[in-house]
Amino acid sequence: MLLHAQTSLLLLVDLQDKLLQTLPPAPRNAMLGVIQRLAQGSRILAIPQLATAQYPQGLGAVREEFRQSAATVLEKTAFSCHRDPAIRQWLEQQAGRRQVVLVGVEAHICILQTALDLQSHGWSPVVVEDACAARDPAHGANAMMRLRQAGVCIANGESVLYEWLGDAAHPAFKTLAPLLR
């Protein structure tokens, strides 16, 4: 499945400091860098973004840079974003956009459940492997294996950006070029 900017959404899942601080520093920082590039790229290409916050009363707010990047931030308690009525409504309001690019934490909980739910309801989820993480790397690897076995598309951040552009002649290519290095 090839991604297209006109049919994509970016779903930033639970990028809250209390969750992020449980990740080892090196993979956390690498993941956040990929997510920041995707968020910038999607903003430049007018791809709608939604950030979710898992139980913010206990886990805190979504990180400031992602709250600013996403036009909408929705709170949830369900592990699968698709099980939350407000998030489902937001998704349905994005007419013609059925490709949901998923990034965030934790890969084996909210990312996994969201991708499987989206897929079972006719969406095309794309999990960005280098933009997802889990406290235990083995759990993250298991989640990616399960998603592949279920037929969910697994991508990397650089591929997503290049697919959204589609062509070096795209008017935004030069603007996005710094994100592609």
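Buried here means under 20% relative accessible area, exposed over 50%, and partly exposed in between, with a 1.4 Å probe and protein chains only. Helices (H or I, at least four residues) and strands (E, at least two) are DSSP runs numbered from the N terminus. The model is predicted, so local features need pLDDT of at least 70 and side-chain atom pairs count only at pLDDT 80 or more, while totals for chains, interfaces and linings use all residues. Residues are numbered from 1 along each chain as its sequence is written, and side-chain values use heavy atoms, with hydrogens and water left out.

Strand S2, residues 49-54, is mostly covered, with six of its six residues buried. In a regular strand the side chains alternate between the two faces of the sheet. Both faces of S2 are covered: one side carries Gln49, Ala51 and Ala53, the other Leu50, Thr52 and Gln54, and all are buried.

The neighbours of S2 come next. Two strands pair if DSSP finds at least two bridges between them. Strand S1 (residues 8-13) runs parallel to S2 and is joined to S2 by four bridges. Leucine 12 has alanine 51 of S2 as its bridge partner. Strand S3 (residues 72-76) also pairs with S2 in the parallel sense, over five bridges, and here alanine 51 stands opposite valine 73.

S1 has a second pairing, with S4, which is parallel and spans six bridges. In that pairing leucine 11 stands opposite leucine 102 of S4. Six of the six residues of S1 are buried, so this strand is largely enclosed by the rest of the structure. Ser8, Leu10 and Leu12 lie on one side of S1 and Leu9, Leu11 and Val13 on the other, and both faces are covered.

Helix H8 (residues 157-165) has as its buried residues Gly157, Val160, Leu161, Trp164 and Leu165. Seen down the axis of H8, these residues fall within an arc of 135°, so they line one face of the helix; the arc is that of the directions from the helix axis to the C-beta atoms. The buried residues of H8 pack against S1, helix H2 (25-44), strands S4 (99-105), S5 (124-133) and S6 (153-155), and helix H9 (173-176), where contact means heavy atoms within 4.5 Å.

At the N-terminal end, H8 is capped by asparagine 156, with a side-chain oxygen 3.2 Å from the backbone nitrogen of glutamate 158. After H8 comes glycine 166, whose phi is positive, near 80°.

Definitions and conventions: A polar contact is a pair of N or O atoms within 3.5 Å; within protein, one must be able to donate a hydrogen and the other to accept it, and residues adjacent in sequence count only if both atoms are side-chain atoms.
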